[in-house]
Amino acid sequence: MRWRADSHPVLNALGLIVMLFAGLMLFPLAVSWFTGDGATVAFDHAVLITFAAGLLMWLPTRGRRRDLHTRDGFLLVALTWIVMPVFGALPLLDFIPDLSVTDAYFEAVSGLTATGGTVLVGLEHLPVSINLWRTFMHWIGGMGVIVLVVAILPLLGIGGRQLMKVEVPTPMKEQSLTPRIAETAKGLWLTYSLLTVACAASLWLAGLDGWEAIIHTFSVVGLGGFSSKDASLGHFNSVPVDVIVIVFALLSGLNFATHYLAFARRSVRPYLADPELPFYFATLALSITVLTAYLMQFDAHEDLLSTLRYVAFHVVSISTSLGLATYDYTLWPMFAQIWVLFLGSFIACSGSAGGGIKMMRAMILYKQVFREIVRSLHPQAVHPVRIRRQPVSDDILHAVLGFSFMYMVTIVSLTLLLTATGLDIITAFSGVVACLNNTGPGLGALGPASNYQGLTDFQTWVLAFTMILGRLEIFTLLVVMTPVFWRR
């Protein structure tokens, strides 16, 4: 048990992260003070409590710092995503009357994991700074708090490679974009920030006022789903806004490493070389075409253009795990609802802000199935799985198969658990899928016209756990929960 006793560096790093998080709260605090929206005191309290908690973790352990080992990385990432929502919930608890601890924690988890499922109503009546904080948590969590910290911790003597490896556990992503991991994190955040500025400017030019543009930009670029309106983007009923959101959701669903390389090299070649892009766009185009033709048979909307508008928006929004809505798609036939829900399981590319198993894993699974078919017909044939002519190692294949199995086991297990508490099967299943994929809205009682407010406390905690499990891609959290992790 010697390793457990030597966990001071993890606590030290967590203290630094918490203090950094307190610093990020200064942004909505400044907005509240500038606009005079009445939430300044709530943010004052939240900043002081969060910074003091981080300081209390950091001070006693500052003499025990060292470079983080692999186990340290797993523990720090898990603790970060469990602990940070506690502090993220503080402004909500302080300002919103009668908000329970359970609902506040769920809202903060949904914000930081960029899920977007909410328990709040009357969003239009909340202060600008509160709605800004909700979506700003999307923006922080979309790229990952740990990736941001990786760019800073090396300056304080704490290595970040283990954090990056655990925080971004998608397959075939071992290589850094730059020789130093901190430079990689900075490059990714620069790209992320430039995309954010472009999205905000576009939404403002499309007619949203300044704060609405910023609030929804954080949601779109972080692929979250929170809005400042109960009716989500449907409140604005604007085709230009819908188109802009589609474009930036598509861009945020791509690998940010590809964006960074294209920006750094001033070339489109990195996009052409990205093996996920053809599958990404082809699947989305096929889905939009099929669902538009299907819904036309049921006169779901007024005409072809209206049908195409709503189908394209929700296919992109749900599949990339954005989760914003312009229409209650639970009014569509169940076939269309299920299709859209399942798209969120695999469309987003690895290295993006999206959720699900990621397109790279889906491609590897598809090629592995095809290889097994070939081997059944030709047992002696050598038919390696390749991604863009690069052979996929057996280690990666086994990891992808193991992850996919655990993904399905998680959905089945948690769905059964929720149905045992009294939820109907559609609500339970879609809630688990939506939270595990960090999509936000589900089906049934959790559709885009509803929210998660009607759940019991136990059901809310189950889905909060599911969101964290999905954000950490299952294994990161499960590793820490196993007894072998705590052995010497």
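The residues that line the second largest pocket divide into ten nonpolar, eleven polar and two charged, where Ala, Val, Leu, Ile, Met, Phe, Trp, Tyr, Cys and Pro count as nonpolar, Asp, Glu, Lys and Arg as charged, and the others, Gly among them, as polar. Before I go on, please keep in mind that this is a predicted model, in which local features need pLDDT of at least 70 and side-chain atom pairs count only at pLDDT 80 or more, while totals for chains, interfaces and linings use all residues. Residues are numbered from 1 along each chain as its sequence is written, and side-chain values use heavy atoms, with hydrogens and water left out.

Back to the pocket, then. The second largest pocket has a volume of about 290 Å³, a volume being the space filled by probe spheres set on grid points that are joined across faces, edges and corners. Of the 23 residues that line this pocket, T118, D230, P448, S450 and N451 are the closest to its centre. A pocket here is an open set of points on a 1 Å grid over the protein atoms alone, where a 1.4 Å probe fits, with protein on both sides within 12 Å along at least five of seven lines, and lining residues have an atom within 4 Å of a point.

Next, helix 21. Helix 21 covers residues 425–436, helices being DSSP runs (H or I, at least four residues) numbered from the N terminus. Nine of its twelve residues are buried, meaning under 20% relative accessible area with a 1.4 Å probe and protein chains only. Those buried residues, among them T427, V432 and L436, pack against helix 18 (334–343), helix 20 (394–420) and helix 22 (457–471), with contact meaning heavy atoms within 4.5 Å. At the N-terminal end, D424 caps helix 21, with a side-chain oxygen 3.2 Å from the backbone nitrogen of I426, and after the helix comes N438, whose phi is positive, near 55 degrees.

Finally, two individual residues. S32, in helix 3 (residues 26–35), counts as buried because its relative accessibility is 0%, and its side chain makes a polar contact with the side chain of D37 at 2.6 Å. A polar contact is a pair of N or O atoms within 3.5 Å; within protein, one must be able to donate a hydrogen and the other to accept it, and residues adjacent in sequence count only if both atoms are side-chain atoms. H216, in helix 12 (residues 210–221), counts as buried at 1% relative accessibility, and its side chain makes a polar contact with that of S227 at 2.8 Å.

Note on methods. Helices (H or I, at least four residues) and strands (E, at least two) are DSSP runs, numbered from the N terminus. The expected span of a helix is 1.5 Å times one less than its number of residues. Buried means under 20% relative accessible area, exposed over 50%, partly exposed in between (1.4 Å probe, protein chains only).
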